[in-house]
Amino acid sequence: MRIVFLLLISSLFVTHAQTSDVLIKDLIAKNLSETIELRHWFHQNAELSNREFKTSERIAKELKKIGLNPITGIAKTGVVAILNEGKPGPVVALRADIDGLPVKERADLPWASKMTGVYNGEKVPVMHACGHDTHTAILLATAKVLYNIKDQIPGQVKFIFQPAEEGPPPGEEGGAELMVKEGVLTNPDVDAIFWITYQFKINRWSSFAKTRFNHGSS
Ligand SMILES: [Zn+2]
C-alpha cells in the first residue's frame with residue numbers, strides 16, 4: 001500500500017505520466033527499506049503533542065539530507081519545506097501529522113516504543129497508536145522521490161509536518177489551527193492540500209483548504 005500511495009501522489013505532479021511512473025516506481029523501490037527504517041525510528045521515538053522535539057529534529061535532518069531547506073519551529077514543533085524549481089504552476093501542499101498518544105505499547109517488536117511523557121500532569125507511556133509514524137515516513141519518502149524528479153515538476157510542493165494533531169495540552173495552542181495562524185498556507189499560497197490517514201484513504205481539499213485545515217481532522 002505504501003508503494004501505491006507514493007506512486008499515486010508522486011504522479012500527480014509530473015507532466016509525462018507514463019515515463020515518470022516507471023522512474024517513480026524505481027525511486028520508491030530504491031528508497032523502500034530506508035522508508036521502513038524511518039518509520040520504525042519514528043515509532044520507537046514517539047512523543048506527545050507539542051513535545052515532538054526529537055521527531056521534529058529528525059524530520060529536519062532528513063529533509064536536509066534530501067537537499068531541501070526545512071523551516072522548523074512552526075506551531076512550536078512543526079516543520080515545513082518547499083520544493084520550488086521556479087517553474088510556473090500551482091502550489092500543492094502535502095501534510096503529515098507527527099505526534100504520538102499517551103498509550104502503552106504492547107507489541108513485542110524490536111522497534112516498540114519505550115517512550116514516556118507527561119500528560120495531564122502524570123508520567124505516561126507514549127506510542128504511535130494512530131499511524132503518525134507511518135504518515136511522517138511516507139511524507140519524507142515522497143519528498144525524496146519528488147526531489148529526484150524536481151526538474152519535471154511545475155509549480156511548488158509544500159511539505160507540512162504538523163504537530164499536535166491529537167490536540168495540544170490544556171492551556172496551549174497547537175496543531176493545524178496554530179500552523180494556519182502562523183501562515184503555513186500562505187507565502188506561497190496553497191492551492192490544494194493532500195494528506196493520508198492510516199487506512200490510506202487519500203483526502204483532498206482545494207477551495208476549502210484554508211477553512212478546513214483544522215486540528216483533529218485526519
Ligand atoms: Zn491521529
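Author: Let us begin with burial: a residue is buried if 20 or more other C-beta atoms lie within 10 Å of its own, exposed if 12 or fewer, and partly exposed in between, the C-beta atoms being placed from the backbone. Asn187 counts as exposed because it has 10 C-beta neighbours inside 10 Å. This is a predicted model, in which local features need pLDDT of at least 70 and side-chain atom pairs count only at pLDDT 80 or more, while totals for chains, interfaces and linings use all residues. Residues are numbered from 1 along each chain as its sequence is written.

Reader: Which class does His40 belong to, and which does Pro70?

Author: His40 has 16 C-beta neighbours inside 10 Å and therefore counts as partly exposed. Pro70 is buried, because 20 other C-beta atoms lie within 10 Å. For the protein, 43% of the 218 residues count as buried.

Reader: How many helices and strands does the protein have?

Author: Helices (H or I, at least four residues) and strands (E, at least two) are DSSP runs, numbered from the N terminus. The protein has six helices and eight strands. Along the sequence, their pattern is α-α-α-β-β-β-β-β-α-β-α-β-β-α. His40 is found in helix H2, residues 17-44, whereas Pro70 lies in the loop between H3 and strand S1 (71-74).

Reader: Which residues does Pro70 touch?

Author: Two residues are in contact if their C-beta atoms, placed from the backbone, lie within 7 Å. Not counting residues up to four places away in sequence, Pro70 touches Ala60, Leu63, Lys64, Val79, Val80 and Ala81. The C-alpha atoms of Pro70 and Val80 are 5.6 Å apart, and the two residues are 10 apart in sequence. Among contacts in the protein with a separation of 6 or more, 73% are between residues 24 or more positions apart.

Reader: What is meant by a nonpolar core, and which residues of the largest one touch the most other members?

Author: In soluble globular proteins, nonpolar side chains tend to be buried together. A nonpolar core is a set of buried Ala, Val, Leu, Ile, Met, Phe, Trp, Tyr and Cys residues joined through C-beta atoms within 7 Å. The largest one here has 42 residues, of which Val79, Leu139, Ala143, Phe159 and Phe161 touch the most other members. Elements that each supply at least two residues of this core include H2, helix H3 (53-66), strand S3 (91-97), helix H4 (132-148) and strand S6 (156-162). H4 gives the largest share, eight residues. Leu139 is in contact with Leu94, Ala96, Phe159 and Phe161, leaving aside its neighbours within four places in sequence.

Reader: To which strands is S3 joined by bridges?

Author: Two strands pair if DSSP finds at least two bridges between them. S3 and S6 run parallel and are joined by seven bridges; Ala93 stands opposite Lys158 in S6. S3 and S7 also run parallel, with four bridges, and Leu94 stands opposite Phe194 in S7. S3 is mostly covered, since six of its seven residues are buried.

Reader: How is the packing of H3 and H4 described?

Author: Two packed helices are described by the angle between their axes and the distance between the axes. Axes are lines fitted to C-alpha atoms, for helices over the stretch in contact, and angles run from 0 to 180 degrees between N-to-C directions. H3 and H4 pack at an angle of about 15°, with their axes 10 Å apart. H3 is therefore roughly parallel to H4, a term for angles under 35 degrees. Ile59, Glu62, Leu63 and Ile66 in H3 meet Thr136, Leu140, Ala143, Lys144 and Tyr147 in H4.

Conventions: Parallel < 35°, antiparallel > 145°, perpendicular 65-115°, else oblique.
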